[in-house]
Amino acid sequence: MVRALELARRGIALAHPNPMVGTVLVKNGRIVGEGFHTYAGRRHAEVIAIEKAGRAARGATLYLNLEPCCHTGRTGPCTDAIRAAGIMRVVAAMGDPNPAVAGRGFRRLRRAGVKITAGVREAEAQRLNEAFAKWIRTGKPLITQKTALTLDGRIAVPDGSVTWITSRESREEVQQLRHAADALMTGAGTVIADNPQLTDRTGLPRRRPLLRVILDSRLRIPLTSKLVRGAQEDVLIFTTRPEDSTRACALRRAGVEVVRVRSRRGHVDLDEVIRELGRREILSVLLEAGATLNGAALEAGIVDKIILFFAPKFIGDEGVPAVRGNWRALARLPALTNLTLRRFGPDFALEGYLRHVYRNR
């Protein structure tokens, strides 16, 4: 199962909007076939492993991180391929999170006489496909709020000038987070203040370009910004301004897509934004924003997961805080759960969940 999960991770940024799946076929104590799924490759991981194994698949045990599919989509049911290959046992890490098919793959195989073992390294498998699970159950992407801050909770110096707070090791990890995400989201204020590119600079292959999403209720983003000048149908601005306004038309001519959403308290409606992203098959969004948008996202209840990169530094109480907002609303947020702590050079990163992504909402 460790090997199956390792193979599944090769589908990062390549399998979406499908889940990442890796498979290993074992017979007489040795691996006779293995595979992983990519969307462009069409074939599911089970079929790839079976084809590699050939006749050796008969009587073998199939290890995989996700319940085999039992329905016809772009390909036929993997349960049929497993039965036809004569596989005797299937060991799966987790069931399919799709409510329409969950458990049916296991039941179909059991009826065919295939022995099923489920739940091996389940938590690890659920974490790997948590974005798919959230999207397939709710139609909304998994929202991860990432913030780099000092030990006293500041994200910038008082004058707002651009300074690196965290180390090179932390910034490299953030690039890995961007690579795994379908979209990167920030506010117009961050674009105006920092003029960022918001790109995936890992150099690793991805099926779709990283979508760069800007929340800009008044269309303040400069036409000379790096984002606008570098737009190649991968920059999307949500605004409350008319889509046929002079400013919106200028942005479109520059290659930026502009979408109008309803206003809530003078800003773009965040719930409408993430629903629209879900409709576009965006499964995961990395939120890299300033204090105001961080607070608004938390208050709106759209954040599922938080990653805080702490640098061993101080700025002082005049520095920019990590979150601004209604303290009463923020105080009602649940405590983070499933906490993990990791080191990146001199920094440490705290990761936790505001809600369980396997619950519908």
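Student: Which residue in E3 stands opposite Val 26?
Tutor: This is a predicted model, in which local features need pLDDT of at least 70 and side-chain atom pairs count only at pLDDT 80 or more, while totals for chains, interfaces and linings use all residues. Residues are numbered from 1 along each chain as its sequence is written, and side-chain values use heavy atoms, with hydrogens and water left out. Strand E1 (residues 22–27) and strand E3 (residues 61–64) pair in the antiparallel sense over 4 bridges, where strands are DSSP runs (E, at least two residues) numbered from the N terminus and pairing requires at least two DSSP bridges. Within this strand pair, the residue of E3 that stands opposite Val 26 is Thr 61.

Student: In the open sheet of 9 strands, which strands stand at the edges?
Tutor: The pairing here is also mixed, and the order is E11-E10-E9-E8-E14-E6-E15-E18-E17. Neighbouring strands are turned by 20 degrees against each other on average, direction ignored. Two strands have a single partner each, so one side of each lacks a neighbour in the sheet, and these are E11 (257–260) and E17 (337–344).

Student: Which residue in E14 stands opposite Leu 142?
Tutor: Strand E6 (residues 142–150) and strand E14 (residues 284–287) run parallel and are joined by 4 bridges. Opposite Leu 142, the residue in E14 is Ser 284.

Student: How many charged residues does the lining of the largest cavity have?
Tutor: Searching the whole structure finds 1 cavity of 30 Å³ or more, a cavity being a set of points, on a 1 Å grid over the protein atoms alone, where a 1.4 Å probe fits but cannot get out. The largest cavity has a volume of about 50 Å³, taken as the space filled by probe spheres set on points joined across faces, edges and corners. Its lining residues, which have an atom within 4 Å of a point, are Ala 13, His 16, Asp 182, Arg 206, Arg 207 and Arg 208. With Asp, Glu, Lys and Arg counted as charged, Ala, Val, Leu, Ile, Met, Phe, Trp, Tyr, Cys and Pro as nonpolar, and the others, Gly among them, as polar, the lining has 1 nonpolar residue and 1 polar residue, and its charged residues number 4.

Notes:
Axes are lines fitted to C-alpha atoms, for helices over the stretch in contact, and angles run from 0 to 180 degrees between N-to-C directions. On a 1 Å grid over the protein atoms alone, a cavity is a set of points where a 1.4 Å probe fits but cannot get out, and a pocket is an open set with protein on both sides within 12 Å along at least five of seven lines; lining residues have an atom within 4 Å of a point.
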